[in-house]
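I went through strands, helices and a few single residues in turn.

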Amino acid sequence: MRTRVTDMFGIELPIFAFSHCRDVVAAVSRAGGMGVLGALYFTPEELEMELKWIDDHVDGKPYGVDVVMPASYEGADFAPEELVSRLQGMIPEGHRQFVEDLLAGHGVPQLSEDADPGKVLLGWTDATARPQVEVALRHPIALLANALGPPPADVVELAHAKGVKVAALASTPRHAVKQVEVGVDVVVAQGTEAGGHTGEISTMVLIPQVVDAVDVPVLAAGGIGGGRQMAAGMALGAEGVWTGSIWLTVEEADTPELAKSRILAATSRDTVRSRSWTGKPARLLRNEWTDAWEAANSPGTLPMPLQFMLVSDALRRIGRSDAAELATFPAGQIIGTMNQVKSARDVVFEMVEEYIEAVGRLGGITES
């Protein structure tokens, strides 16, 4: 397969795989696509170790790193050394009590006194994402992607100076244009079907609008889990696909077993766009956690990054308890077709085979 993105990155297949798991990233790159490691959950030190491992296991194939540098968030003008403390002071006590009452109602215990302090902020801000960018650019990455809006222009320039291409996710044509204006090389047009942060426009409608709005290669994202969706995205003008949720249940994934079993059993109706995770709309697996934040007694969610700071310890407590009804995580609507555990390599090859069959079927219709 050959498109502008395969030529741009020297890859065999225009299949990009976003994952927080290094094993998945390396496996997809080795299979001919491009794995992209989500840096959000790693400290700079942890990210250094993850990327060093990928360097050693990717067989020289290209891979990328995805960071989160939102264009707007609470505390953007705070000094880095006081960022966490000032943001913590902005969280209302009523919201903290709501979370405590929710967990108590489901019998979720407190963390032990010797539990690690956790990560309350992650890379949700410019100040916390820049160190991740610095680490990423010390490695032979081929792509730096930004998951929330256009990356800062100076970051784009820095990446380009290192010979690294830049991608950014867009949920509207207007967002795509802004990204190209700051120098982004590839636009990921992500429809509302996608897991994690996502907009309101469906993939089928969004892709041709973005393709018409920009002159750089576009990747189709949102609800892409098989070759038929890939063929549809390419037919709409995309030059590759950006995938995420389908890697949650592959053999290499480090997805917790409880989460993996719930995904395998879920239908496409079992997800919902909710602000209960980060403060910005993100598609999550729907359950009593997401429902609670929409209930009449909810105080409402807080803006990014306050919401995650509010719930980060709660999510850790839920993860260490038996309260499966509260365990939520990002997942797209494609989970309705994910009912088997396969290797990442098999997922890639099956996608290509299905793509070829779909294109051949269309060709047959045209010929007749």
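Entry 1, strand 4. I looked up the pairing of strand 4 with strand 5 and found the two running parallel, joined by four bridges; strands here are DSSP runs (E, at least two residues), helices are DSSP runs too (H or I, at least four residues), and both are numbered from the N terminus. I note that two strands pair if DSSP finds at least two bridges between them. The model is a predicted one, in which local features need pLDDT of at least 70 and side-chain atom pairs count only at pLDDT 80 or more, while totals for chains, interfaces and linings use all residues. Residues are numbered from 1 along each chain as its sequence is written, and side-chain values use heavy atoms, with hydrogens and water left out.

Within this pairing I located Asn-146, whose bridge partner in strand 5 is Ala-168. Strand 4 also pairs with strand 3 (residues 64-67), in the parallel sense and over four bridges, and there I found Asp-66 opposite Ala-145 of strand 4. Which residues of strand 4 (residues 143-146) are buried on one side and on the other? I found Leu-143 and Ala-145 on one side and Leu-144 and Asn-146 on the other, all of them buried, and both faces of the strand are covered. Buried means under 20% relative accessible area, exposed means over 50%, and partly exposed lies in between (1.4 Å probe, protein chains only).

I traced a closed barrel of eight strands in the order 1-2-3-4-5-6-8-9, with parallel pairing, and the twist from one strand to the next averages 25°. Strand 5 (residues 165-170) and strand 6 (residues 186-190) pair in the parallel sense over four bridges, and Ala-167 has Val-186 as its bridge partner in strand 6. Helix 8 packs on the sheet, where it touches strand 5 and strand 6, and its direction makes about 160° with that of strand 5; contact means heavy atoms within 4.5 Å. Angles run from 0 to 180 degrees between N-to-C directions, and axes are lines fitted to C-alpha atoms, for helices over the stretch in contact. Helix 9 lies across strand 5, strand 6 and strand 8 (218-221), running at about 155° to strand 6.

I also looked up Gly-35, which sits in strand 2 (residues 34-38) and is buried, with a relative accessible area of 0%. Not counting residues up to four places away in sequence, Gly-35 touches Ala-17, Val-25, Val-28, Ser-29, Tyr-63 and Gly-64.

Two packed helices are described by the angle between their axes and the distance between the axes. For helix 8 (residues 173-181) and helix 9 (residues 203-213) I noted an angle of about 35°, with the axes 9 Å apart. Pro-173, Ala-176 and Val-177 of helix 8 meet Leu-206, Gln-209, Val-210 and Ala-213 of helix 9.

I found an open sheet of three strands, ordered 7-11-10, with antiparallel pairing, and its edge strands are strand 7 and strand 10 (271-274), each of which pairs on one side only. Strand 10 and strand 11 (residues 282-285) are joined by four bridges in the antiparallel sense, with Val-272 having Leu-284 as its bridge partner in strand 11 and Ser-274 standing opposite Ala-282. Strand 7 and strand 11 pair in the antiparallel sense over two bridges, and Gly-196 has Arg-283 as its bridge partner in strand 11.

In the loop between strand 7 (196-197) and helix 9 I looked up Gly-199. Is Gly-199 buried or exposed? Gly-199 counts as buried because its relative accessible area is 10%. The C-alpha atoms of Gly-199 and Ala-282 are separated by 8.2 Å, although the two residues are 83 residues apart along the chain. Leaving aside neighbours within four places in sequence, Gly-199 is in contact with Ser-171, Thr-192 and Arg-273.

Gln-307 has its place in helix 13 (residues 306-319) and counts as buried at 0% relative accessibility. A polar atom of the Gln-307 side chain lies 3.2 Å from the backbone oxygen of Ser-276. Leaving aside neighbours within four places in sequence, Gln-307 is in contact with several residues, among them Arg-275, Ser-276, Trp-277 and Trp-293.

Notes: A polar contact is a pair of N or O atoms within 3.5 Å; within protein, one must be able to donate a hydrogen and the other to accept it, and residues adjacent in sequence count only if both atoms are side-chain atoms.
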